[in-house]
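Take a walk through this structure, one site at a time. Keep the sequence beside the model as you read.

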Amino acid sequence: MPPVSLLRNKDDDTKFGLDPNALVGLKEKAVAAKDVAYCPYSYFRVGCALLTEDGTIIVGANVECASYNVGTCAERCALAKAVTEGYSKFKALAVSTDITPPASPCGMCRQLIREFCPLTMPIFMYDKEGSYVVKTLGELLPMSFGPDDLKRREARKEL
Ligand SMILES: O=c1ccn([C@H]2C[C@H](O)[C@@H](CO)O2)c(=O)[nH]1
Ligand SMILES: [Zn+2]
């Protein structure tokens, strides 16, 4: 496995049309959000930061539970906060963990991100040194099912 820095393309910073300062802020907030993770069972801290269309950044962290299945990931925490605070358009998501190579959002999170974000949206995954790998949502969740598919229901005509 090559070092993470080699997995990253030279033009990644600009190719998504993001303001470089916004990206720095997004990374810092994702890294800092790890401090508020509640993870007494896994000791695996995850921080997430979501960049909304108006430039606001909403953060989340993983919240675990003694009944293990009940815990939630940082990404779903951030999304639930953002959506319930009235945000519905997102430009980027950053996730930070203390491992190298970086962790990527789990399957459940990818599906919830799919609910609210475009397939072209970049997902930046930061490792313990602060290097990142970036993939679009469409790359992380190919041939996905989403809200538009329900609009194609034939049965809907009969409702
Ligand atoms: O992308 C990920 C992967 C894992 N976790 C959390 C869930 C659990 O609390 C801990 C270990 O799986 O990390 C996240 O928050 N996001
Ligand atoms: Zn997850």
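Predicted model: local features only at pLDDT ≥ 70, side-chain atom pairs only at ≥ 80, totals over all residues.

A polar contact is a pair of N or O atoms within 3.5 Å; within protein, one must be able to donate a hydrogen and the other to accept it, and residues adjacent in sequence count only if both atoms are side-chain atoms. Glu64 gives an example: one of its polar side-chain atoms lies 2.5 Å from an oxygen atom of ligand 1. Asn62 also has a polar side-chain atom 3.0 Å from an oxygen atom of ligand 1. Ser104 takes part through its backbone, with a polar atom 3.4 Å from an oxygen atom of the ligand.

Residues are numbered from 1 along each chain as its sequence is written, chains are lettered from A and ligands numbered from 1 in the order in which they are written, and side-chain values use heavy atoms, with hydrogens and water left out.

Now look around ligand 1. The residues that surround it, each with a heavy atom within 4 Å, include Ser42, Phe44, Val46, Cys73 and Cys106.

Cys73 and Cys106 lead on to the zinc ion, ligand 2. Its protein donors (N, O and S atoms within 2.8 Å of the metal, or 3.2 Å for Na, K and Ca; water is not among the atoms, so sites may look incomplete) are the SG atoms of Cys73, Cys106 and Cys109, 2.2 to 2.3 Å away. Their spacing in sequence is C-x32-C-x2-C. Cys73 lies in the loop between β2 and α4, and Cys106 in the loop between β3 (90–97) and α5 (107–116), so the pair ties together parts that are 33 residues apart in sequence. Helices (H or I, at least four residues) and strands (E, at least two) are DSSP runs, numbered from the N terminus. Cys73 is partly exposed at 22% relative accessible area. Buried means under 20%, exposed over 50%, and partly exposed in between (1.4 Å probe, protein chains only). Cys106 is partly exposed too, at 30%.

The loop between β3 and α5 also holds Pro101. A cis peptide bond joins Thr100 to Pro101, with omega about -10°.

Which residues have the most contacts inside the largest nonpolar core? They are Leu50, Phe90, Leu93, Ile113, Met121 and Ile123, in a core of 20 residues. Such a core is a set of buried Ala, Val, Leu, Ile, Met, Phe, Trp, Tyr and Cys residues joined through side-chain atoms within 4.5 Å. α4 gives the most to this core, with 4 residues. A second, separate core has 12 residues, among them Leu18, Leu23, Leu51 and Ala92.

Aromatic rings come next. Rings of Phe, Tyr and Trp (its six-membered ring) pair if their centres lie within 6.5 Å; planes under 30 degrees apart count as stacked, over 60 as edge-to-face and the rest as tilted. The whole structure has 4 aromatic pairs. Tyr41 and Tyr68 form a tilted one, 5.5 Å centre to centre with 45° between the planes. Tyr41 is partly exposed at 36%, and Tyr68 is exposed at 60%. The rings of Tyr126 and Tyr132 have centres 5.3 Å apart and planes at 70°, so this pair is edge-to-face. Both residues, Tyr126 and Tyr132, are buried.
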